[in-house]
Amino acid sequence: MFSLIGVNDLFQAEDAGELPDADELIAALDCLDEQAVQLGCTLFRSTLAPFRGSVNRAKPAWDASKERVRLAVNEYLRTRPRTVDIDLIVRDPMRPDRLAPAFDCGDHLHFSPKGGRLIGRQVYEALSTVL
């Protein structure tokens with residue numbers, strides 16, 4: 001099983017009251033891991049991709065507080081087994097809070113076909129370790 005969740009929790013939060021903190025997101029991801037174990041599944045997870053420049057309901061979706069949460073969650077995920085580091089794969093090396101232009105479909109949130117293929121290859125390689 002592969003999990004690519006968490007970015008929308010940050011992207012869609014419109015104010016500080018809706019924004020989960022890193023501990024809340026980490027607890028939810030750990031709960032998902034526990035459920036996978038109970039079901040006898042091997043869970044692969046993904047770091048959270050950058051989204052600076054994206055827009056939600058005609059307002060900027062990114063802000064510094066969301067970026068701090070994203071970075072803290074990613075730091076945690078990188079310590080967990082079976083994590084595909086999508087953040088590292090698709091971020092702009094010069095501006096790591098943004099998708100690299102080649103992997104950005106243009107909305108600064110979703111991956112371009114090239115980005116999707118790259119991620120697909122990385123996920124396939126990770127999953128093939130248990131297939």
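Start by selecting strands 6 and 7: they form a hairpin with two residues between them. (Helices, H or I of at least four residues, and strands, E of at least two, are DSSP runs numbered from the N terminus.) Strand 6 covers residues 91-92 and strand 7 covers residues 95-99; they run antiparallel, joined by two bridges. Strands pair if DSSP finds at least two bridges between them. Click on aspartate 92 and you'll find arginine 95 of strand 7 opposite.

Quick note: this is a predicted model, where local features need pLDDT of at least 70 and side-chain atom pairs count only at pLDDT 80 or more, while totals for chains, interfaces and linings use all residues. Residues are numbered from 1 along each chain as its sequence is written, and side-chain values use heavy atoms, leaving out hydrogens and water.

Next, select phenylalanine 11 and phenylalanine 51. They make an edge-to-face aromatic pair, 6.4 Å centre to centre with 75 degrees between the planes. (Rings of Phe, Tyr and Trp, the latter by its six-membered ring, pair if their centres lie within 6.5 Å; planes under 30 degrees apart are stacked, over 60 edge-to-face, the rest tilted.) Why does this pair tie together parts 40 residues apart in sequence? Because phenylalanine 11 lies in helix 1 and phenylalanine 51 in the loop between strand 2 (44-46) and strand 3 (55-56). Phenylalanine 51 is buried at 0% relative accessible area (buried is under 20%, exposed over 50%, partly exposed in between, with a 1.4 Å probe and protein chains only).

Last stop: arginine 52 lies over the face of tryptophan 62, 4.0 Å from the ring centre. The rule: NZ of Lys or CZ of Arg within 6 Å of the ring centre and within 35 degrees of the ring normal.
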